[in-house]
Amino acid sequence: MSEKNREGKRTARERLAEEREKQKAAEKRRRALIVGASVLGALGLAAVIGVVAANAGKDDADTAGPVVAPSGANGEDSLAIPVGDAGAKSTLSVWEDFRCPACKSFEDAYRATIHELTEAGKLKVEYHLATLIDGNMGGSGSRKAANAAACAQNEGKFPAYHDVLYQNQPPETDDAFADESRLLDLAKKVDGLDTAAFRTCVEDGTHNSWVAKSNEAFQKGGFSGTPSVFLNGTNIYADQSMTPAKLKQMVEARAAG
């Protein structure tokens, strides 16, 4: 292995490690906010409850409709969006949040390898969409981006739009994906996606309740955070030695066997 390749792999691992630390820090901030809210509650409980109830009511209204799964969704409760050959011997299960910086780092590092393996029929991917950052940082960008991605799945454009969202991810504290016009503008980067059906689906929040149900499954799944990535049931994101080359080797070995 060349020194350049070793350095590249080391840098990718360091990037993922840094994002894990950022996510831990975000969780600490969330807990601190919860503690702060408890203190405020002792001083002005009625006011705090009023604000929380107002915000919660709005979110509940946005996700109170029927659960409409996107076209082709499968798995338990039809909460997974599949990519790749259903007959592939290896399955990569990915739990992601479009506002999550660590998810972007994972995608940036592994995108080319995952595409290569799915296109070769050696790997199928099941994407599960979560809204962790909305809960941690506030806002609705995670949910609206996930709904838009589900709308793209209806048009047969999920993989390309999924990649565009991560390639254009705003800073974690910037809830830019809450702006539906931003999501529609990004759809123009995907050939054939900017359709009337897609725009209506995004603007109406057609899959909001499905996204909420997917996030509930994430919360109940005992995952440590996003991304959570499993190859044939084994958590590979927790494997500090994992690289795109190692993932490719594992998938190709199983395909050959």
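## Close-up legends

**View 1. Val-251 touches Ser-90, Leu-117, Lys-122, Leu-123 and Leu-231, leaving out residues up to four places away in sequence.** Touching, or contact, means heavy atoms within 4.5 Å. This is a predicted model, where local features need pLDDT of at least 70 and side-chain atom pairs count only at pLDDT 80 or more, while totals for chains, interfaces and linings use all residues. Residues are numbered from 1 along each chain as its sequence is written, and side-chain values use heavy atoms, with hydrogens and water left out. Val-251 sits in helix H9; helices (H or I, at least four residues) and strands (E, at least two) are DSSP runs numbered from the N terminus. With 0% relative accessibility, Val-251 counts as buried. For the cut-offs, buried is under 20% relative accessible area, exposed is over 50%, and partly exposed is in between, using a 1.4 Å probe and protein chains only. Val-251 and Leu-117 are 134 residues apart in sequence, yet their C-alpha atoms are 7.8 Å apart in space.

**View 2. Here is helix H9 (residues 244–256), buried side and exposed side.** H9 has 13 residues and runs 18 Å from its first C-alpha to its last, close to the expected 18 Å at 1.5 Å a residue. That expected span is 1.5 Å times one less than the number of residues. Which residues of H9 are buried? Pro-244, Leu-247 and Val-251 are. They cover an arc of only 65° around the axis, which puts them on the same side of H9; the arc is that of the directions from the helix axis to the C-beta atoms. An α-helix has 3.6 residues a turn, so residues three or four places apart point the same way. Turned away from that buried side, the other face of H9 carries the exposed residues Gln-249, Ala-253 and Ala-256. The cover over the buried residues of H9 includes strand E2 (90–96), helix H2 (101–119), strand E3 (123–129) and strand E4 (228–231).

**View 3. This one shows the second largest pocket, with about 190 Å³ of space.** On a 1 Å grid over the protein atoms alone, a pocket is an open set of points with protein on both sides within 12 Å along at least five of seven lines, a cavity is a set where a 1.4 Å probe fits but cannot get out, and lining residues have an atom within 4 Å of a point. Grid points are joined across faces, edges and corners, and a volume is the space filled by probe spheres set on the points. Among the residues lining this pocket are Asn-74, Asp-77, Trp-95, His-128, Lys-213 and Lys-220. Helix H8 (residues 208–220) gives the most to the lining, with four residues. The lining splits into four nonpolar, three polar and five charged residues. In that count, Ala, Val, Leu, Ile, Met, Phe, Trp, Tyr, Cys and Pro are nonpolar, Asp, Glu, Lys and Arg are charged, and the others, Gly among them, are polar.

**View 4. Next comes the second largest cavity, at about 70 Å³.** The structure holds three cavities of 30 Å³ or more. What lines the second largest cavity? Its lining is made of Val-83, Glu-107, Arg-111, Ile-114, His-115, Thr-118, Tyr-127, Phe-158, Pro-159 and His-162. H2 and helix H5 (158–167) are the elements that give two or more residues to it, and H2 supplies the largest share, five residues. By class, the lining has five nonpolar, three polar and two charged residues.

View 5. Just after H8, Gly-222 takes a positive phi of about 75°.

**View 6. Ser-78 and Asn-232 both have a positive phi without being glycine.** Ser-78, with phi near 55°, is in the loop between helix H1 (3–62) and strand E1 (81–83). Its 28% relative accessibility makes Ser-78 partly exposed. Asn-232, with phi of about 50°, is in the loop between E4 and strand E5 (234–235). Asn-232 is partly exposed too, at 33% relative accessibility.
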